[in-house]
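Have a look at the structure first.

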Amino acid sequence: MNFQIKSFLEYQETYQKSVTNPEAFWAEMAENFVWRKKWDEVLNWNFKDPKIEWFSGAKLNITENCIDRHLADKGDQPAIIWEANDPQEHHRILTYKQLHQKVNLFANVLKNNGVKKGDRICIYMPMVPELAIAVLACARIGAIHSVVFGGFSAQSIADRIKDAQCEMVITADGGFRGAKDIPLKNVIDDALVQCPSVKTVIVLTRTRTPISMIKGRDKWWEDEIKKVETLGLIDCEPEIMDAEDKLFILYTSGSTGKPKGVVHTCAGYMVYAAYTFQNVFQYQPKDIYFCTADIGWITGHSYIIYGPLAQGATTLMFEGVPTYPDAGRFWDIVDKFKVNILYTAPTAIRSLMQSGLDYVKDKDLSSLKVLGSVGEPINEEAWNWYNENIGKGNCPIVDTWWQTETGGIMISPIAGVTKTKPCYATLPLPGIQIELVDEKGQVIEGNDVSGNLCIKFPWPGMIRTTYGDHERCLQTYFATYENKYFTGDGCLRDEDGYYRITGRVDDVINVSGHRIGTAEVENAINMFTDVVESAVVGYPHEIKGQGIYAYVILNDHTEDEELTRKDIAMTVSRIIGAIARPDKIQFVKGLPKTRSGKIMRRILRKIAEGDVSNLGDTSTLLDPSVVEQIKNEKL
Ligand code: PRX
């Protein structure tokens, strides 16, 4: 690919060019794609509305770029390699030709069921190739996919379906994750009680878990495929999309109670995901690339599906978890498929590190060339372990900082090009103009400083709106600091000008690389009958990065605290999903509040962190004595 940066000097020159004339730079990068019609204008923007348009006037279909254009010279090359949860089950390989065939057929299934351009489709599936096929089939016909992670509860799914007014759900009877069977279809049935907009549910057979199929609504994936085959509907012409037509919605948590539907559009997202994939990982033809994320998160969208496929890469998809059947599973997969590039999360590294080196020692990891990390700050110990035991000191580690809203990687080393430094995401990629600002919005210049991380100029992969509520997009990202996109992260710039992300500065907790809003967890806890009020904060957790610490006021004294804790945790699982279960629940008589009724989370955070030496001035609290009780009874 002709946009791969090969040396640090080239990076510096490219970066300069990209900020001096961003439009010329991105137009040049966009030449590497297939367009049905080229753009009239490269960029049209203001951060006040916000209004962001890249490549307006252009026409394309992302699946033509991800599949069709590779058929001539890479038709027989694996596009997707799939490894099952159970190592005994045979893996599957889909070549570009086969992927093309399957995406076309399923796109015809969608059409045959009345799906049209612009319709919203919720996808709630296990990590099987059909999930990627479903996503691409939506994109092929211009339907907007909203993938919901398989760990979310019926209530969370219902909220997401209602917000996007989805017409269809694509799911499976169940999914395998480690030793567990996840009853996906049953969860969907519970969710759909509240969702009259959904007319059709397509169900893939995976676990053969007994399920109910509702007449007129539920249809088997396999039967629907047969139907279109019988009708001779084999090929499906791609829908020609405008550059700024919506490609997908992906819900993410913020500091308020309700998750937001982050919207990405066709052209800019495609160019950005593909450009960053190619550069950060330095993918070479025939490399086997393995990203361990779930497609339910943005990492899976951009770096399992769209980025790699747009570049004609071979992307490996894994159904299971890193510790099943044992903590050597990732290394077995690397060994089995001779993986060259591995992209995973600090949480996984920390948990495998704890299991010890016995699981690594007999595995042949010599195929590895590049290692990646994403989703949360990586601590030095985990970085070193990854470097020494997995990369054997020979593989650059790309610590990639980005967000659901950014569409693709923003700050990261370019493998083999940028000198790495443990715990540092290092430098911004071309096109990314960073600013650190203080509380008042003053830009902090120079090195060896820290502040709130903002971006001052648009990039093609950035969020366009929050679905159904553009004002919320403005308020969340563009209103805190005038004329800047605010990330919600704190960041430092060291003496070399390298960036290190220090974590969220808002009320968002990052648990195992998953964003969870404290308000969301509090709302769920407060739904439990005996709860009067609660306050949730993050605290350092050895494996998960951050754990969830909940302070809870009960109606009455409880006889059995342990049982009540379990009931509360179960309530949170039901309302949000198991990922949001509090790790610690402390019962308290009161919460530290100001006279105006605001909870002083700073104090609660310090206590949860175990740092009670300096709680600051507590004399302005309504009842300073509650702090003593909370301190004394800390878990
Ligand atoms: O706090 C940052 C953290 O994850 C947040 C974004 O979460 P999400 O939208 O779920 O996307 C995760 C995958 C891109 C950020 O605001 N984060 C992400 N990557 C890093 C990180 N923190 C530190 N270092 C990273 N490399």
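## Cysteines on their own

The two sulfurs are 11 Å apart, which is too far for a bond. To count as a disulfide, a pair of cysteine sulfur atoms has to sit within 2.5 Å. Cys 266 is also a buried residue, because its relative accessibility is 3%.

## How confident is the model?

Keep in mind that this is a predicted model. The chain's mean pLDDT is 96, and 100% of its residues reach 70 or more. Among the elements, helix H6 (residues 129–141) has the highest mean pLDDT, at 99, while helix H19 (residues 625–632) has the lowest, at 90.

In soluble globular proteins, nonpolar side chains tend to be buried together. Here, the largest nonpolar core holds 178 residues, and the members that touch the most others are Trp 35, Phe 55, Phe 106, Phe 281 and Tyr 306. Helix H10 (residues 266–281) gives the most to this core: 12 residues. Apart from it lies another core of 29 residues, including Phe 290 and Phe 330.

So who does Phe 281 meet, leaving aside neighbours within four places in sequence? Its contacts include Tyr 289, Tyr 303, Ile 341, Val 370 and Ala 415.

Conventions: Residues are numbered from 1 along each chain as its sequence is written. This is a predicted model: local features need pLDDT of at least 70, side-chain atom pairs count only at pLDDT 80 or more; totals for chains, interfaces and linings use all residues. Side-chain values use heavy atoms; hydrogens and water are left out. pLDDT is the predictor's confidence in each residue, from 0 to 100. Helices (H or I, at least four residues) and strands (E, at least two) are DSSP runs, numbered from the N terminus. A nonpolar core is a set of buried Ala, Val, Leu, Ile, Met, Phe, Trp, Tyr and Cys residues joined through side-chain atoms within 4.5 Å. Buried means under 20% relative accessible area, exposed over 50%, partly exposed in between (1.4 Å probe, protein chains only). Contact means heavy atoms within 4.5 Å.
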